[in-house]
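Thanks for making time this morning. I'll go through a few packing and pairing details of one model, and please hold comments until the end.

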Amino acid sequence: MRMINISDGLTEKEAETSRRKYGENRLTKQARRSFLSNFLSNFGDPIIKVLLVALAINVLFLFGSSDWLESIGIAIAILLATIVATVSEQGSEEAFEKLQEAAMQIKCRVRRDGSVREIPLEEIVAGDIVMLQAGDRVPADGIIVDGRLDVDQSSLNGESKEAKKFPVSGANADEPKRTASNFLDYTRLFFGTIVCGGEGVMRVTEVGDSTFYGMMASEMQEETRESPLKVRLGNFAGTISKFGYIAAGLVAGVYLVGQIVEFRAFSGVMQLLPHILKAATIAVTVIVMAVPEGLPMMITVVLSANMKRMMSAGVLVRKLVGIETAGSLNILFTDKTGTLTKGSLEVMTFLCGNGNELKGNDSAIAGIMRESLLYNTSSDIDGERAIGGNATDRALLEFAMKLGGIKDGSVRKLGAIQFASDRKFMATTILRKDKKITLIKGAPERILLACTSFYDENGNVRRFGAPGALDKKMERLSGQAMRLIAVATSERDIVDGMENDVIKGDLTLVGLIGIRDEVRAQVVEGVRQVSEAGVQLVMITGDSKLTASAIARETGILRGNADEIILTSSELARLSDEQLAEKMPRLRVIARALPSDKSRLVHVAQSKNLVVGMTGDGVNDAPALKKADVGFAMGSGTEVAKEAGDIIILDDNINSISKAICYGRTIFKNIRRFIIYQLTISMGAVGISVIAPFIGVETPVTVIQMLWINIIMDTLSGMAFSGERAQREYMREMPKRRDEPIMNYYMWNQIVVSALYITALCLIFLKSPIFQRIFMGWGERYMLTGFFALFMFTAIFASFTARTSHMNILDNLAGNKAFLWIMGGVALVQVIIIYVGGTVFRTEGLRFDDFVIVVALALTIIPVDIIRKSVISGSNIGCGV
């Protein structure tokens with residue numbers, strides 16, 4: 001490629017040649033699974049695997065039979081669950097890709113064919129000459145060839161201090177070595193960084209995947225460990241499948257023994273074969289009823305429904321299971337800047353030399369301060385906002401504008417000394433009404449030593465006395481995480497008053513300004529909610545230990561306990577992983593943090609079997625976001641961070657993270673409620689089906705009736721329970737262990753008690769002389785219709801007891817109107833089946849009095865469960881789902 005003339009740039013032909021040789025300025029997207037691939041991968045769900053085994057057994061034993069309805073029902077349940085999960089995740093990924101595409105449509109100014117034109121970022125090629133100014137995003141990697149720039153590189157290296165960039169001359173000026181430490185190279189510019197001040201021209205050297213940003217993105221390919229929900233479901237699937245197989249074997253064995261005892265005259269295996277097949281069929285029925293085939297569908301529905309609710313709350317869920325994982329968090333490592341704080345500096349207070357705080361902007365001292373900040377700055381005014389310069393200058397200039405600052409055209413700037421980190425101050429000499437005045441601002445420790453007087457509120461100059469009120473106020477403000485800037489004036493020229501960057505001469509103090517990155521308005525409440533939920537919060541910041549401690553105290557992360565630990569990055573580095581793991585429960589703040597600290601913290605926390613959350617917005621945060629159990633990427637962050645995250649917090653607010661935790665806990669509770677209900681009805685049905693033949697009722701439930709029961713247990717109840725809304729009380733519970741079983745004591749207690757009661761109630765109904773006289777007189781089919789109605793209405797009322805662990809079964813029911821509609825619809829359809837089901841459902845219409853008796857009997861499940869809950873509550877053994 002020819003040497004590019006800065007004034008001309010590339011020609012269109014040269015740009016096309018460069019594009020073919022070096023590639024486009026676009027990051028290669030991570031290989032996304034196709035719809036089919038996602039669909040097939042969802043068959044790896046632990047419960048789906050159990051269902052597939054049950055389906056295979058069912059098909060094997062029913063081959064050649066006309067009784068295929070159960071097999072069809074299982075197949076439909078499997079397909080619905082996998083399809084809904086696939087569609088939901090595909091939709092979430094499409095929304096995420098739209099965010100990425102919008103980010104790549106940002107335009108930048110380049111020189112092409114001798115003129116400046118604006119083109120999309122993705123059309124930049126190696127060799128392009130790009131014009132940069134304050135506010136621009138650097139579109140690729142390259143070197144600065146003209147001008148001077150202040151660049152915010154925090155998205156890459158985590159450093160909040162802006163880097164100075166300017167060109168150098170020499171043989172190797174165009175090709176500096178590109179290494180991670182090259183962030184300090186004052187000639188190199190990096191893709192994704194932000195120009196904060198100055199103007200300059202860069203020559204692009206790397207684009208797309210070849211940029212440092214692109215190389216970091218390509219490293220985000222490793223898979224994370226299994227989510228807590230998948231671990232729990234895997235254990236649950238193993239437990240439930242063992243239960244089903246053991247129960248099936250016992251039932252089949254009891255049936256065969258009973259047949260052999262009853263018919264002792266079997267002459268051979270062939271005569272016994274029909275009974276063996278019958279026993280196998282009963283075993284398959286038990287397995288199918290024991291396996292909760294509606295669970296995958298219910299989990300998918302509840303995850304999808306909550307994903308949509310979270311989207312409306314400013315949270316984009318990229319991975320469905322990430323919602324539930326958020327509810328299981330044990331520890332959350334959170335950035336300070338932009339998450340706990342607003343991410344921008346603001347002037348919080350202005351102290352006069354006598355220690356008084358300035359109120360209002362109409363005093364004489366306000367005018368002096370306004371002038372000092374308007375002219376002694378590296379920033380400029382653009383409409384109603386400050387641009388250019390560093391973050392501190394922009395904050396001070398915006399404060400001057402709030403004081404009514406408008407530059408006077410008659411004021412001339414005679415000279416200036418720019419701020420430098422070793423100098424710690426900035427000075428500008430201006431000419432106003434034929435009078436020279438020098439304006440100075442900087443670190444109090446540099447300015448105050450040279451001040452012999454100060455302006456009072458009326459603008460009068462007064463001599464400094466003994467240190468007093470001002471020193472105390474400064475100490476108090478420093479403890480509030482405020483950075484203090486001293487502002488002073490002098491009638492002496494800049495050069496005359498300085499020697500070797502040391503200010504000499506009599507300065508008059510205008511005042512002290514306190515600036516800080518203000519804590520977000522709702523952060524204290526958000527931190528309180530997260531802490532009450534039992535989630536340990538650890539703040540990670542590049543600030544000093546003193547500043548970090550002040551912010552942590554203000555937000556509530558530090559509560560003043562003696563055992564709370566605050567570490568700097570250097571102190572963290574001196575600890576072994578074992579020592580860090582030992583201190584982890586008491587860790588609250590990491591100050592002066594480096595990007596590498598985050599990944600180590602995640603690794604050590606996970607080694608303690610904790611469910612770990614991490615927030616981040618920069619490229620440097622991506623490895624830790626990917627490694628964490630749930631990564632919360634900030635909506636204002638880089639595309640690489642969003643790619644690595646599971647959940648994107650669109651409003652950058654920790655309150656949204658607390659919402660994600662609450663939604664996650666709601667999902668797990670809804671899953672548990674559904675399991676309680678489904679296993680209660682399944683065990684009740686299995687119990688009746690097993691015992692009934694031994695008391696003279698050969699087929700208490702027909703295949704068609706069983707299909708209807710399964711539709712209620714699986715699809716309809718899953719939809720009903722998925723609508724349960726998040727409750728504040730969930731945030732007062734301790735998080736679940738990562739490997740905590742889905743089934744707890746409370747659940748087993750309710751399932752066993754309710755299932756036994758349903759079984760006993762139905763069997764008593766079938767054989768009790770009282771009900772025999774009432775129902776059997778109308779025929780066996782009438783009696784079995786009453787039994788079927790009793791079982792179904794008991795199942796409907798049991799859904800109300802399963803949806804809450806409170807005594808009041810109507811608790812929070814108004815928030816889930818879908819539950820009422822679905823269960824009301826089921827009851828209506830059941831009535832229709834009773835009266836018009838005929839031979840298909842083996843029913844005939846019940847007399848009104850008999851119908852009332854059946855419903856009244858079914859209602860007894862509610863007081864029985866209330867008594868059970870009272871016993872549980874009194875014993876302090878169980879505390880609900």
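Helix H24, residues 745-767, and H26 have axes that come within 10 Å and cross at roughly 160°. At that angle H24 is roughly antiparallel to H26. The crossing of this pair is right-handed. Bear in mind throughout that this is a predicted model.

Which residues meet here? On the H24 side they are Gln750, Ile758, Leu761, Cys762, Phe765 and Leu766. On the H26 side they are Met783, Leu784, Gly786, Phe787, Leu790, Phe791, Thr794, Thr801 and Ala802. Sorted by class, the contact of H24 with H26 has 11 nonpolar residues, four polar ones and no charged ones.

H26, which spans residues 780-802, also meets helix H29, residues 848-859. Their axes come within 8 Å, with a crossing of roughly 40°. H26 and H29 are therefore oblique to each other. H26 passes H29 in a right-handed crossing. From H26, the contact uses Tyr782, Gly786, Ala789, Leu790, Phe793, Thr794 and Phe797. From H29, it uses Asp850, Phe851, Val854, Val855, Leu857, Ala858 and Leu859. By class, that contact of H26 with H29 comprises 11 nonpolar, two polar and one charged residues.

As a reminder, strands of a sheet pair through backbone hydrogen bonds, either parallel or antiparallel.

Take the pairs in turn. Strand S9, residues 331-335, pairs with strand S25, residues 612-616, in the parallel sense over three bridges. Isoleucine 331 has valine 612 in S25 as its bridge partner. S25 in turn is joined to S26 by four bridges, and these two strands run parallel. Here glycine 616 stands opposite alanine 633 in S26. Next, S26 and strand S27, residues 647-649, pair in the parallel sense over three bridges. The bridge partner of methionine 634 in S27 is isoleucine 649.

How many of the residues of strand S26 are buried? Five of the five in residues 630-634, so S26 is largely enclosed by the rest of the structure. Val630, Phe632 and Met634 point one way from the strand, while Gly631 and Ala633 point the other way.

One last residue. Lysine 642 is found in helix H21, residues 639-644. Is lysine 642 buried or exposed? Its relative accessibility is 8%, so lysine 642 counts as buried. The C-alpha atoms of lysine 642 and alanine 622 are separated by 8.1 Å, and these residues are 20 apart along the chain.

That is my list; I'll take comments now.

Terms used: Residues numbered from 1 in each chain as written. Predicted model: local features only at pLDDT ≥ 70, side-chain atom pairs only at ≥ 80, totals over all residues. Heavy atoms only, no water. Axes fitted to C-alpha atoms, helices over the stretch in contact; angles between N-to-C directions. Parallel < 35°, antiparallel > 145°, perpendicular 65-115°, else oblique. Left-handed = near helix turned anticlockwise from the far one by under 90°. Contact = heavy atoms within 4.5 Å. Nonpolar A, V, L, I, M, F, W, Y, C, P; charged D, E, K, R; others polar. Pairing = 2+ DSSP bridges. Buried < 20%, exposed > 50% of the residue type's maximum accessible area, 1.4 Å probe, protein only.
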